[in-house]
Structure formats: structure tokens, C-alpha cells
Amino acid sequence: MKVTLFIPCFVDACFPDVGISMVRILERLGHSVQCPEAVACCGQPAFNSGYWDEARRVADNALDHLRGTDAVVVASGSCGAMLKVFYPQLYDGRPRSAEAVELAGKVWEFSDFLVNRLGVTDLGARFPAKVTFHDGCHGLRELGIHAAPRQLLSHVRDLELVEMDEAATCCGFGGTFAAKFPMISTAMGEVKCASAAGTGADYVVSNDSSCLMHVQGLLDRQGSALKTIHLARILDSR
Amino acid sequence: MSTAAARFLDAAGSITRNLRHRGLIQTALRKYESARDRRKAAFHDWESARQAAAETKWEAINHLDEHLVSFADKLESRGTKVHWCGNGIEARDLIRTIIRDAGAKCVVKSKAMTAEEIHLNEALEKDGFEVVESDLGEFIVQLRKEPPYHIVFPAMHLTRDEISDLFEKELGSAPTREPEELTMIARRALRRKYVTADVGITGANFAIAETGMVSITENEGNARLTAALPRTMITLLGIEKVLPRMEDLALFLPMLATAGAGQAITGYNTLYSGPRQPGESDGPTEWHVVLLDNRRTELLADPEQRDALHCIRCGACLNVCPIFKNVGGHTYGTTYSGPVGSVITPHLRGLQDWKHLSGSSSLCGACTEACPVRIDLHHHLLQNRRNAASEKPSTLERLTWRLHAFLMNSPSLYHLAKECGRVFEPLRKATEGTVLDPVRSWTTTRTLPPVAPVSFKEWWRERR
């Protein structure tokens, strides 16, 4: 299958290993992966701030470069939700509406793609650690992804998954929210970190690097031994 | 920034630093969540129940004109006086006149958020009437001269010790930590008032269009006493409280109890259909039903957010909201707090003054997931943000997003930005958290990952 990988800016710049693992996994499964260099952002920051005209400038570029492929796999539930759920709204009643709807139909978050499109749950991975899973809100509530990442983790050798009480509670990132309301965002993150630490896990795993960036940022300041890691990196471990 | 926004930021700052306060609220709401989940499991299918409730409220709100007329006609046919008030001032003036005409001095009130919305107590007290809140939680916050903390649990921010101290100071009671004893202290103070009050004011949970009845739901029996003992009864309700049929209560009463308080059904559920009828021996001789618009019709005119009028004020969205759980109810500075408050307050009180409430959300969607009548709450926050920006855009922010688009759409500039990030990383690190740090709103409490030595795209290009 011809798969276009959408690597959002923060994964590209700060967490390249996540994207690299995704390429390796998809290629190992026999798919042809392409990654358009001209796309860096989905436009969500401007969209969430209320500046939809400006968001469309970014989204137009994404529409231009994400054509002619069987599936667009997104390395973040949040950006995935933007492409799949919010693009049709952003272009509602506008000339490129049909294109936005067509793209939305091809968009998959990475773990959802593996399990529900490709039907793969065992990637032969091995990761000897105790982990707890954090559901990114956009992946969970906009895209309805809950079981897929857990199914994938359940097939990883030597890995123990322990659920935290607040698995489905927001980590407090929320994009520009984290910078505009840092005290609220931080307080929310503290609840998340405490819940994750309460499981005694070595790692907080998620399918969204943006949440993990926030949680790791807080854990670092707390001097916690708990670490964060993206699901794709676990699935790529041997 | 509006005054309301500045106050919000200030209050949010102080509550988020108050670990005791946050702990108190979070513990209480965790208990709520487990009780609610037990009750939800008693529904054959909670999701179908939500869908059915949403459809019933859709019908009610989209045919509001017909339902309201039917409701009023039925009430009037049994001798109830129905009043239509466009805004809070009209409603306050009307209620004041009714009380004055009744020759009343003391007014007893049962919990009504609509009365909070129009600041009824302050207005009546200014006129020299004694107003007594009969709901225990409302009574407590009234003694503290505070607005309710939560639309269902008005005093949830207080510990038993704090309530005991308050009663000791205000009512002269002996200190106690027992909830039963605290309730008895309030009851003794309140019972005297029921007997002497000339007017009782209640809110309403549902207005049944088909039969012209008001449904009031409560756990303490205080609303029944408020309605039954005084000669004159006043019921104040927003026009969105309508349900088309009596049988709709079969779904809405257990749903309200489950979503609102994790109960199977609320302790007391009463239907009122009119004042004392000929041959009846009790009940008020006069009943005034006051229907309040207060900009609800403007929300009704908005096809995108009209479903916000489905709200049954159960508080479920507050209870699951991680923002509410960390900033508390008073921080919002509104009658209706939490997600639904953030959605409707800009409509009820002005978009530009209250847009910060729609901004202060991570858009996690826990509220939408919890709402028993399926209001699309977190997406309405997004729409409020869009409406606020298109109505009155900030030049700086618009420019920022244009530059952002330009940067993101240009591979060479984007690459240059990453290079700059690498070059300036030592400088950024050295100034981290100081006024020179451009991202200090992040770095004050969190570390920021550096730009990787080889970015994904650089790796990709190299590989090819």
C-alpha cells in the first residue's frame, strides 16, 4: 500500500525517533512510505485560537501535498483529528470542501491504522518494562481510539501494562492553552503525573508526542524517575 | 483584556497554587464519578438514553414557541399567573412587586440558579426584605455571603469543620463534625422561617408543556416546604426548561439524578400544577410562574449552538472537567461555571468580555462525553473562539498566525527555524525562566525539549 506519513513539526524537530520508528514499522510490513517535505503543520494552532482564515493558509498547503495516496498516517492523534474531523468543518461551504472531505476519509492515526486498517497487532516487539498508557484527548474523543494502542502493547514481549486511574484525563497540554493558561495547564499535568507515578510504572506511553512533551517537561522538573516514550518506539524495539 | 478575564487569571492562579483546595474538590468529584458509574450501569444502555434525551430536548427547543404557549395556557387555566420577562431587570421588578403586593417581609427560597443569574437575593435584600435560602448548601454559602460554588453542590468547597465554625459564628451552635448534626442545626434555623415567611420562591427543573406542570427535584424536602407553607409562591425559570410531555420525565428524572449526583433518583420529586384549588385545604393561594428569557432567545437564534439550550443544569460537565477540578467554581466569576458556563456565558453576558472562558480549555472533550443531553460543548468553545476572533480580531495574533503559516508552508524557512533553534539553544537554556526567555510561560514549570541534532526530515532526506 502507498502510505503517506504526516510528521507534525514537533515530532520532526524534537522527536525524530518517533517518525523513524513509524517508517521502519510500515516498511517492515511491506508498505511504500512517502513523506512530503513541504508539509510541516496541519494548522491546528491557528484553528484552535479562532483564526480560521489563517488556519486555512496552512491547511491549503496540506491539501496540496497529501494527494494521490491510499492512506495518510499521522504521527499524532491531535493532528490526526485536525485532518480527519476539523478539516471538513474548516472548509465547510468553501471551494475546497470536497478535497477536505476526501482527505479526511483517508486519514488514520498510527496505532489505529496498524490495528484497524492493516489488522496487525503483533509487530514482534520486545520491551522489558512496566508501562502505563495515556490516552491523548483528541485521539480518544475525536477519533475514538482506545483499544488499538492497548492491543498493540499487549503483544509486546516482556512488557507489563498497568492502567492508571486518570488514563483518560487530559494532561493539560492543549496546544496554545499550555502557554496562555500555564498555571491551569500545569495543575492538570500534575494530576496526570501523580496518577501515572502511582502505578509504579517505568514509562508513560502514548500515541501522541505533544502530550508526552508536556508530561516529560513536568516530570523533569519534579525530578521524577518516570519517563515518557511514544508507542511507535516501543513497537520498533527488539 | 476584560476585567472578567483579569479576575479569572488572578483567581485561577491562586486556586491552582492551593493544593488543599484542589485536593478537596478532586476527592469529592472522584466519589461522584464512582457513584455515577454505578448508577449508569443500571441503565439498560446509557448511550441510547443520552440519544433519546438529546432528541427530546431537540424537539422541545426547536418548537419552543408552541411548547411555551401550551405550558402557560394550561397553567393559567388552573389559576396560575404566568409572567414573561425579557431580562433580569424585568424579572426582578416583577418579583419585587409581587412580594410587595403580598405585604410580605420574609421570603423563603429554595435553590434556583436562575435567581442567581438575575441576582435576585441582592435586589430583594436591598429593598429590605429578609431572604432565607432553604437548601442546606445554599444556606451555607448565603451565610458566607458567597455565590454558589457549583450549580448542584453549592458548598462543596467547604469542609465539615469550616461549616461547623460558620454555624457557631452565625447561629451560635455548638461545634460538631457530624453531618447529621450540622443538618439539624440548619434545619432548626430554617423551620422557623418557613412558618413565618409570606412568600416562597422556587426554581424549576422541568416545565411540562403538555400538562402545564412544573417539576422540582431535590434531596432535602426544602423546596416542598418553600412551595407549600407560604401563601404566595413564585417560580422562576428559564424558558429552556421545557419538556414536551409528562412521560418524558420517566427518562429525565433518573437521568438528571444519575448525571447530576450519581443517584438512581433524587430524594423528592414533585409536580406543581396550580395554586390551591376550590375545596383544597393547603398550598399557596397565589402562584406566579415567571418565565425568563435573558438572551436565551439569542442563543436559540444561533443554529450552531442552539443545543446549549438543552442543558438540564445537572452539573455533569463540571464534575468531569479537568479545568474545573483545578480552578474551582468561584474562579469563573459566572453564575454557570464549568464547560456549559464557558459556552453560554459569552452568549448571555457578552462575547468579548467572556471569551477567555472559551479560551481557557484544552478542548479535551470530557464534558461532551459526560453531557446526558449530548450538547456539543467543547466544539462550541471552539466556535466561540472563532466568533470572538472574527468579530474583533487581535492584530498581533492575526499577524502571528500569518507568519506561522508562511513559515510552515516554506520548507527552507522552516528548516532555517530549526537551525536557529539549535544555534540559540544554549542561550535559551541560559536565560530559561527569566524575562529574556520568550517561552517562559512554558519553561517556568516545564522543561522544553531541544531541537534534535538530526530532525526527522533531515534523516529522511539523507536516507533517500
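Analyst: Gladly! One thing first: this is a predicted model. In chain B, residues 24 or more positions apart make up 73% of the contacts with a separation of 6 or more.

User: What makes a residue of chain B count as buried, and what percentage of the residues are buried?

Analyst: The test is a neighbour count: a residue is buried if 20 or more other C-beta atoms lie within 10 Å of its own. Of the 464 residues in chain B, 46% are buried. The C-alpha trace of chain B spans about 95 × 55 × 45 Å along its principal axes, and the chain holds 23 helices and 10 strands.

User: How do you know that the length of H19(B) agrees with what its residues should span?

Analyst: The expected span is 1.5 Å times one less than the number of residues. For the 15 residues of H19(B) that gives 21 Å, and the end C-alpha atoms are 21 Å apart, so the two agree.

User: What makes residues of chain B count as touching chain A, and how many of them are there?

Analyst: Two residues are in contact if their C-beta atoms lie within 7 Å. By that rule, 50 residues of chain B are in contact with 51 residues of chain A. Helices of chain B that each supply at least two residues to this side include H1 (3-17), H19 (377-391) and H21 (411-430). The largest share, 8 residues, comes from H20(B). By type, the side of chain B that touches chain A divides into 24 nonpolar, 16 polar and 10 charged residues.

User: Why do S5 and S7 of chain A count as a pair?

Analyst: Two strands pair if there are at least two bridges between them. S5 (residues 126-134) and S7 (residues 203-206) of chain A have 4 bridges in the parallel sense, so they qualify. A:Val131 stands opposite A:Tyr203 in S7(A).

User: And what makes S6 and S8 of chain A edge strands?

Analyst: They belong to an open sheet of 4 strands in the order S6-S5-S7-S8, with parallel pairing. S6 (157-161) and S8 (227-230) of chain A each have a single partner strand, so one side of each is left without a neighbour in the sheet. From one strand to the next, the twist averages 40°.

How values were computed. Residues are numbered from 1 along each chain as its sequence is written. Chains are lettered from A and ligands numbered from 1 in the order in which they are written. This is a predicted model: local features need pLDDT of at least 70, side-chain atom pairs count only at pLDDT 80 or more; totals for chains, interfaces and linings use all residues. A residue is buried if 20 or more other C-beta atoms lie within 10 Å of its own, exposed if 12 or fewer, and partly exposed in between; C-beta atoms are placed from the backbone. Ala, Val, Leu, Ile, Met, Phe, Trp, Tyr, Cys and Pro count as nonpolar, Asp, Glu, Lys and Arg as charged, and the others, Gly among them, as polar. Axes are lines fitted to C-alpha atoms, for helices over the stretch in contact, and angles run from 0 to 180 degrees between N-to-C directions.
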